[in-house]
Amino acid sequence: MKKVLLTFFSLTMILVLAACGNNNNTNNAANSAATTAPTEAAAAADPTTEPAAEPVTLVIGASPVPHAEILKAIAPLLEAQGIKLEIKEFTDYILPNTQLAEKQLDANFFQHKPYLDDQNQKNGTDLVAVTAVHVEPFGAYSKKIKSIDELADGAKVAIPNDATNGGRALILLAKNGLITLKDDTNITSTKADITENKKNLDIIELDAAMLPRQLDEVDLALINTNYALEAGLVPTKDALFIEGADSPYANLLVARPDNKDSDAIKKLAAALNSAEAKAFIEEKYQGSIIPAF
């Protein structure tokens, strides 16, 4: 009988202990849930606990000098806003627009409005100007003479062979009394529009990028400032004559209609028109490049 009672007592104690264990587990789970719930609620209420947004990468086509240099200078401003610049450098004026139209680039930075308009018309594209950044005064250079008074009859003069920069070169020649044009404000002027050429200048048209390399072969070359700078020329010192600061040919940030109003492009435009960009242009180029904002 004692054995039966002992067995019964043992079973009763086991059941009581098991019940206590279950109660403890339940209480622990409840306590854990009560502790976790406020933590999760606090995390939801605190935006700093959310994962940071992935940085946006903009692929920008640019001439090496000064455009890529300016972009590199303002890159830290954009990185602070979550935008990374990937700069692709081009030494010609065709591919940056072609690749932008084909969406291989998000924007480009190398051209002025007359050139952009001409290329859109010729290629059936609709690239758009976002903002003006700087002016590159167009200049005339020579290794053979020190002033235009020394330019001989029949001298060889090289100008860019693209429509707008060629017209721009002719206008500059006209304004300095070397030729006369039908309309010395018409950016699309060609050699056929020359009405007077007193010195019988032999005007030859070459690819703009080649002009600095032709200075040994010609008497005078009219060179875009970006190519002059790349060749080690200092426009404010080396040019025999140069456009004034009032030049209408501001270089532009250019995009497409589908992305021109995107947040990233707007932030890039703001950075290119910032006080930091202006200070960099003025300090780096000492008047050879002029801010347009």
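User: What volume does the largest cavity have?

Analyst: A cavity is a set of points on a 1 Å grid over the protein atoms alone where a 1.4 Å probe fits but cannot get out; points are joined across faces, edges and corners, and the volume is the space filled by probe spheres set on them. Here the largest cavity has a volume of about 100 Å³, and the search of the whole structure finds 1 cavity of 30 Å³ or more. The model is predicted: local features need pLDDT of at least 70 and side-chain atom pairs pLDDT 80 or more, while totals for chains, interfaces and linings use all residues. Residues are numbered from 1 along each chain as its sequence is written, and side-chain values use heavy atoms, leaving out hydrogens and water.

User: Which residues lie nearest the centre of the largest cavity?

Analyst: Lining residues have an atom within 4 Å of a point. There are 13 of them, with Tyr93, Phe110, His112, Asn165 and Asn224 nearest the centre. Helices (H or I, at least four residues) and strands (E, at least two) are DSSP runs numbered from the N terminus. Strand 3 gives the most to this lining, 3 residues; helix 5 and helix 6 (225–230) each supply at least two.

User: Which residues touch the most other members of the largest nonpolar core?

Analyst: A nonpolar core is a set of buried Ala, Val, Leu, Ile, Met, Phe, Trp, Tyr and Cys residues joined through side-chain atoms within 4.5 Å; buried means under 20% relative accessible area (1.4 Å probe, protein chains only). In the largest core, of 28 residues, these are Leu58, Leu71, Ile74, Leu85, Leu268 and Leu272. Helix 2 provides the largest share, 7 residues. Apart from this core lies another of 24 residues, among them Ile148, Leu173, Leu178 and Phe241.

User: Which residues of helix 4 are buried?

Analyst: In helix 4 (113–123), they are Pro114, Tyr115, Leu116, Asp118, Gln119 and Asn120. These residues pack against helix 3 (95–101), strand 3, strand 4 (128–135), helix 5 and strand 12. Just after helix 4, Gly124 takes a positive phi of about 65°.

Terms used. Buried means under 20% relative accessible area, exposed over 50%, partly exposed in between (1.4 Å probe, protein chains only). On a 1 Å grid over the protein atoms alone, a cavity is a set of points where a 1.4 Å probe fits but cannot get out, and a pocket is an open set with protein on both sides within 12 Å along at least five of seven lines; lining residues have an atom within 4 Å of a point. Contact means heavy atoms within 4.5 Å.
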